[in-house]
Amino acid sequence: MVAVNRVFIAQLAGLPVFGPDGEPIGKARDVVISLRIDRQPPRVLGMVVEMVTRRRIFVPMLRVTSVEPNAVTLATGSVNLRPFHQRVNEVTVIGELLDARIQLEDGGTAVVVDAAMELTRTRDWRMVRVAGRERTGRFSLKGPVQVWPWEDVSGLSVNELAGQPQGAQQLVAVFEGMRAADVAHALHELPPKRRHEVADALDDERLADVIEELSEEDQKDVLSHLDEERAADILEAMNPDDAADLLSELSEGTKDRLLELMEPEESAPVRRLLEYSFDTAGGLMTPEPIILTPDATIAEALARVRNPDLTPALASMVFVCRSPSATPTGRYLGCVHIQRLLREPPFDLVAGVLDTNMAYLSPGASLSDVTRYFATYNLVCAPVLDETEHLLGAVTVDDVLDHLLPDNWRETGLSHA
């Protein structure tokens with residue numbers, strides 16, 4: 001990326017944005033342009049900045065004083081904190097322009113991989129260059145990345161972008177390294193057509209992680225776009241409690257078809273969770289906490305909590321039960337907090353350090369009962385036992401918060417204090 005007077009937009013994504021006194025504002029996520037009827041370079045209106053609260057706001061380019069390879073700096077003045085809303089004839093470069101098909105002057109076609117904006121003598125920013133790779137077939141690209149003047153390509157009007165089938169490889173590449181929650185927030189901001197194209201391009205594991213972070217409406221939108229075979233694969237890749245929550249929002253016919261398409265060993269825990277009301281401990285719990293038998297060592301327990309796929313809340317505690325160790329388990333014996341594991345010799349048995357006195361939740365416990373439990377014991381993970389003291393699963397504090405917050409909390413972000 002060239003600083004000051006020419007910036008390639010895909011390289012701008014994720015850069016920190018600072019105020020005039022060096023205070024952090026957020027991260028650059030996109031650039032908004034206003035497309036013209038003719039083929040002249042469009043004006044750059046501003047940047048989409050994602051604040052630490054995940055709220056996306058619009059910052060006019062007149063407020064941008066410098067764009068360097070490692071940061072963007074804003075001019076003095078207040079920042080409008082209202083969420084960004086795209087207007088008619090506005091296009092987000094990263095969200096909508098990347099992967100678009102363009103026509104070249106020689107009659108060939110190419111796919112957009114980036115676009116460059118340039119500072120003019122009048123201090124306006126214009127989208128002056130398009131970078132892309134030429135197409136050799138429906139899905140094949142050839143040769144190195146080339147850069148063309150904006151006016152030398154066609155196919156980038158609002159109507160053309162809305163009407164053409166568009167891949168999402170370049171946009172998915174921009175999402176690399178972003179947290180699933182941040183990708184979900186970005187997907188929510190995209191037009192439905194573009195959101196579906198990204199869903200098609202993501203692999204099953206990544207899409208499952210992202211869907212878990214979407215709102216209920218966006219979850220249903222993405223799942224309904226997928227064919228039922230792939231939708232079932234995505235549900236298998238999701239955490240069982242999240243899959244159960246999503247399935248409970250679907251019609252009975254759709255839910256039953258998807259459960260039948262899932263592998264029996266994957267659908268079984270989801271079916272068990274669907275037996276409970278969503279606002280009870282049974283409906284909130286995950287059936288896959290860390291479970292060990294009493295002859296396991298401290299070292300084995302620590303190895304299990306190091307699993308990067310576990311949330312911090314689930315990794316905070318291991319549960320010790322008689323065989324079988326899959327839920328519903330054999331008789332529950334107790335739990336061990338990670339702080340205790342870190343203080344004990346690695347070759348000692350977990351059976352010797354059990355907390356056998358900690359209260360547990362029943363699957364029918366209400367949401368208010370679960371909330372009071374966490375507040376009383378200052379925990380982030382709690383066991384759920386049936387009447388015969390078999391472990392059914394564990395409730396984590398993040399699942400409780402999901403159900404305590406308003407339904408639209410993922411879209412509205414957090415308010416500033």
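**Reading charge and cysteines**

Author: Happy to. Keep in mind that this is a predicted model. Let's start on the surface: a patch of negative charge is formed there by Asp200, Asp227, Glu229, Asp233, Glu263, Glu265, Glu266 and Glu288.

Reader: Which elements give two or more residues to that negative patch?

Author: Those are α9 (228-237) and α12 (264-274). Take glutamate 266 as an example: you'll find it in helix α12.

Reader: Is glutamate 266 buried, partly exposed or exposed?

Author: Buried means under 20% relative accessible area and exposed means over 50%. Glutamate 266 has 33%, so it counts as partly exposed.

Reader: And how do I read the cysteines? How many disulfides are there?

Author: The general idea: a disulfide is a covalent bond between the sulfur atoms of two cysteines. Searching the whole structure turns up zero of them. Cysteine 321, for instance, has its nearest cysteine sulfur, that of cysteine 335, 10 Å away.

Reader: Are cysteine 321 and cysteine 335 buried or exposed?

Author: Cysteine 321 is buried, at 0% relative accessible area. Cysteine 335 is also buried, with 0% relative accessibility.

Reader: What about the protein as a whole: what share of it is buried?

Author: Of its 417 residues, 48% are buried. The protein has 18 helices and 18 strands, and its C-alpha atoms fill a box of roughly 75 × 50 × 40 Å along the principal axes.

Methods
Residues numbered from 1 in each chain as written. Predicted model: local features only at pLDDT ≥ 70, side-chain atom pairs only at ≥ 80, totals over all residues. Heavy atoms only, no water. Disulfide = S-S within 2.5 Å. Buried < 20%, exposed > 50% of the residue type's maximum accessible area, 1.4 Å probe, protein only. Patch = residues over 30% accessible without salt bridge, like charges linked within 9 Å, V, L, I, M, F, W, Y side chains within 5 Å. Areas by Shrake-Rupley, 256 points an atom, 1.4 Å probe, with all protein chains shown as cover. Salt bridge = Lys/Arg side-chain N within 4 Å of Asp/Glu carboxyl O. Lys, Arg positive; Asp, Glu negative; His and termini not counted. Charge placed at Lys NZ, Arg CZ, Asp CG, Glu CD. Helix = DSSP H or I, 4+ residues; strand = E, 2+ residues; numbered from the N terminus.
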